[in-house]
Amino acid sequence: MPAIRRLSDSPYRWDIIEAPLSAVANQEKLLPPEFISADGFGVTEAALRYLAPLIAGGAFPPFKNGLPDYVRLQNVVTPKKVARKFVV
C-alpha cells in the first residue's frame, strides 16, 4: 500500500513509498515519548517541529453569527437521458 515518507523538515519534503500491508495493517502507532512534555499535559518542541507542516495553513470556512457559513446546494435532479432501462 502507499505510505508517505518524510524526507526533510526544513524545507518540508516527502515522497510516497510502498509499505507491505502486512507490516502496517492493524498496527497501533503511538506518539513518541519525546513528543510529550515532562508534566504530560503538553507537547515538546520536537513535537511542534514534526507537526507544524501537517497542521499549518488550514482553510477554515467563513462564519456568520458564530456558525460556519457553508454553501447550500440546489439539489436539482438531472433529467433522464436514456429512455430504456439499463441493466448491468
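**View 1. The side chain of Arg-6 reaches the backbone oxygen of Tyr-50 at 2.8 Å.** This is a polar contact, a pair of N or O atoms within 3.5 Å; within protein, one must be able to donate a hydrogen and the other to accept it, and residues adjacent in sequence count only if both atoms are side-chain atoms. The model is predicted, so local features need pLDDT of at least 70 and side-chain atom pairs count only at pLDDT 80 or more, while totals for chains, interfaces and linings use all residues. Residues are numbered from 1 along each chain as its sequence is written, and side-chain values use heavy atoms, with hydrogens and water left out. A further polar contact links the side chains of Arg-6 and Asp-9, at 2.7 Å.

**View 2. Arg-6 is part of strand S1 (residues 2-9).** Strands (E, at least two residues) and helices (H or I, at least four) are DSSP runs, numbered from the N terminus. Arg-6 counts as partly exposed because its relative accessibility is 24%; buried means under 20% relative accessible area, exposed over 50%, and partly exposed in between (1.4 Å probe, protein chains only). Residues up to four places away in sequence aside, Arg-6 touches residues including Tyr-12, Trp-14, Arg-49 and Leu-54, where contact means heavy atoms within 4.5 Å.

**View 3. Strands S1 and S2 run antiparallel and are joined by 7 bridges.** Two strands pair if DSSP finds at least two bridges between them. A hairpin of 2 residues connects S1 to S2. Pro-2 has Glu-18 in S2 as its bridge partner.

**View 4. A nonpolar patch on the surface has about 820 Å² of accessible area together.** Its members are Ile-4, Tyr-12, Trp-14, Ile-16, Tyr-50, Leu-51, Leu-54 and Ile-55. Strand S2 (12-18) and helix H2 (45-55) are the elements that give two or more residues to the patch, and H2 gives the most, with 4 residues. Leu-54, in helix H2, counts as partly exposed because its relative accessibility is 46%. Patch residues have over 30% relative accessible area and no salt bridge; like charges are joined within 9 Å, and nonpolar side chains (Val, Leu, Ile, Met, Phe, Trp, Tyr) within 5 Å. A salt bridge is a side-chain nitrogen of Lys or Arg within 4 Å of a carboxyl oxygen of Asp or Glu. Areas come from the Shrake-Rupley method with a 1.4 Å probe; for residues, only the protein chains shown count as cover.

**View 5. Ser-37 lies in the loop between helix H1 (21-24) and H2.** Ser-37 is buried, with a relative accessible area of 19%. Its side chain makes a polar contact with that of Asp-39 (2.6 Å).
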